[in-house]
Amino acid sequence: MDRLTSLPDELLYHILSFLPTKSAVVTSSLSKRWLNLWKLNPILDIDDSVFIHHEDGKGGREVIRQSFVRFVDSVLAMQGDSPIKNFSLKCITGIHPDTVNRWICNVLQRGVSDLDLFTDFTYEDTEDDSYHLPKELFFSSTLVKLKLRSEHCVDWWWHGGMWSDSSSLPMLKSLNIDSDLIFCGEIEEFIPCFPVLEELRMANIEWVESDVIVSSASLRTLSLHGTGCENFVNPMSVSFDTPNLHVLSYYDLVAEDYPLVNMKKLFHATINLIVTDKQVKRLREPNNELLEEEDDEGNVFLHFGNVVKLMNGIQNVQKLSFTADTLEVLSQCCDTLPVFNNLKFLGITSAEGRGWQAMPALLKNCPRLETIILEGVLHYETDKCGDACPCISREDKGRSLRSCPVNRMEIQGFRATMKEMTMIKHFLEYFPSLKRMDVVVEDNEPTQLRNPELSNCITEMFELYNKLYPSCSVELMVSGFLQKKWRAQGHI
């Protein structure tokens with residue numbers, strides 16, 4: 001203890017920062033040196049779950065809840081006006097919003113730079129289904145990093161409207177909002193409130209206007225998970241004017257147009273363009289009059305070919321991931337897809353209800369591709385899957401694969417079906433530069449490898465593939481946890 005006590009205050013503060021505040025307070029009993037250290041610690045981590053347990057009865061929880069409020073009040077009071085850097089508050093057991101906002105205002109007045117809030121309030125505590133942040137938060141001159149998580153709606157605006165004075169967080173570089181629903185007004189008015197913002201993540205955002213413009217010269221990382229316009233309506237247009245963006249994660253309903261996509265410095269993109277089953281049917285059968293009569297969404301799908309404008313805007317990426325929905329949408333612009341000259345890593349998520357029609361064109365347009373990660377290979381079979389898979393026999397089988405320079409492939413979520421084994425053989429046969437293929441069995445995915453006889457058969461087939469294609473190492477990868485579990489159950 002003497003060695004620890006002899007350390008400088010700054011180092012002891014750093015040690016205390018790894019402890020929840022409740023545990024940090026307990027260190028005051030170690031010695032006189034530690035008595036007041038926690039009071040001056042500029043990092044507070046307060047979590048109400050440390051106080052309240054699920055097994056406590058309703059009456060007991062209320063007593064402990066009151067005790068938690070008194071504890072936080074006393075901690076903040078004992079710290080006085082001492083400067084604070086980080087304040088993390090997890091409060092999901094029914095503390096009143098006014099109390100939480102009082103705590104937030106306390107640390108804002110003391111110059112907090114990193115604020116992490118995880119809140120949940122009962123319907124009785126809020127006048128509506130949203131939580132209103134305190135006014136002081138919108139005008140902080142010290143906040144650099146802000147993270148908001150809520151089980152309810154997060155309403156960035158104050159009681160349905162912004163203050164008469166424009167919001168401004170001049171130092172904010174990172175903003176992360178994760179909620180069941182986010183209201184932030186028009187995004188083109190929201191983002192300029194943060195002139196030096198470098199990282200923005202917003203989950204479950206609903207567009208107020210049908211024409212969306214995301215514009216920022218300072219953004220480096222952008223993650224937008226949209227739900228379209230009100231009532232899950234496809235937006236009319238989405239534009240990105242983000243010339244210095246490096247990383248993009250974009251999830252949203254397909255827009256009818258992408259008039260501007262300025263992302264020349266983009267390095268890594270993950271794209272999920274969400275389509276409904278009804279839209280997919282219309283895409284596959286555009287001339288089916290019966291489907292047209294049943295369509296209550298209009299002819300939105302007719303404009304899905306404009307997705308090529310989004311692809312043109314991100315064509316400089318080196319890492320790119322598409323979901324199964326996105327791949328289905330790209331089938332509408334196969335002939336006009338850009339060449340991804342810098343692309344080295346491609347990730348594809350497959351689904352049995354979504355097709356691979358865009359895969360041949362995509363592989364042909366990646367002349368420097370090195371790695372492919374496939375989250376599943378089973379997909380909806382059509383005659384337009386082309387030569388990328390062996391679903392339908394054809395004369396030009398494997399043509400797009402032969403021109404692809406990929407040398408490493410990983411197949412995740414392997415279920416040990418014969419269709420998957422046929423796909424694996426097809427890849428081994430037609431990817432000329434393939435040196436390594438890892439086939440991964442996930443811990444929580446269904447698989448037929450639990451059957452000992454089938455498991456032996458699959459193992460033998462993998463051994464055969466390694467002999468037939470000696471230039472490529474083919475490996476079935478099962479986690480140690482799963483192997484131990486299966487052995488205990490007698491499956492292997």
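**Cysteines and aromatic contacts**

Cysteine 457 is partly exposed, its relative accessible area being 32%, whereas cysteine 193 is buried, with a relative accessible area of 8%. These values, like those that follow, refer to a predicted model. In this model the number of disulfides is 0; a disulfide would be counted where two cysteine sulfur atoms lie within 2.5 Å. In general terms, such a link is a covalent bond that joins the sulfur atoms of two cysteines.

Because phenylalanine 240 belongs to strand 10 (residues 237-241) and tyrosine 250 to strand 11 (residues 247-253), the pair ties together parts of the chain that are 10 residues apart in sequence. Phenylalanine 240 is buried, with a relative accessible area of 0%, and for tyrosine 250 the relative accessible area is likewise 0%, so that this residue is also buried.

Elsewhere, Phe414, Phe462 and Tyr465 come together in one aromatic cluster. A contact of another kind involves a charged side chain and a ring: lysine 319 is placed over the face of phenylalanine 345, at a distance of 5.2 Å from the ring centre, where the criterion for such a placement requires NZ of Lys to be within 6 Å of that centre and within 35 degrees of the ring normal.

Definitions and conventions: Residues numbered from 1 in each chain as written. Predicted model: local features only at pLDDT ≥ 70, side-chain atom pairs only at ≥ 80, totals over all residues. Heavy atoms only, no water. Helix = DSSP H or I, 4+ residues; strand = E, 2+ residues; numbered from the N terminus. Buried < 20%, exposed > 50% of the residue type's maximum accessible area, 1.4 Å probe, protein only. Phe/Tyr/Trp six-rings, centres within 6.5 Å; stacked < 30°, edge-to-face > 60°.
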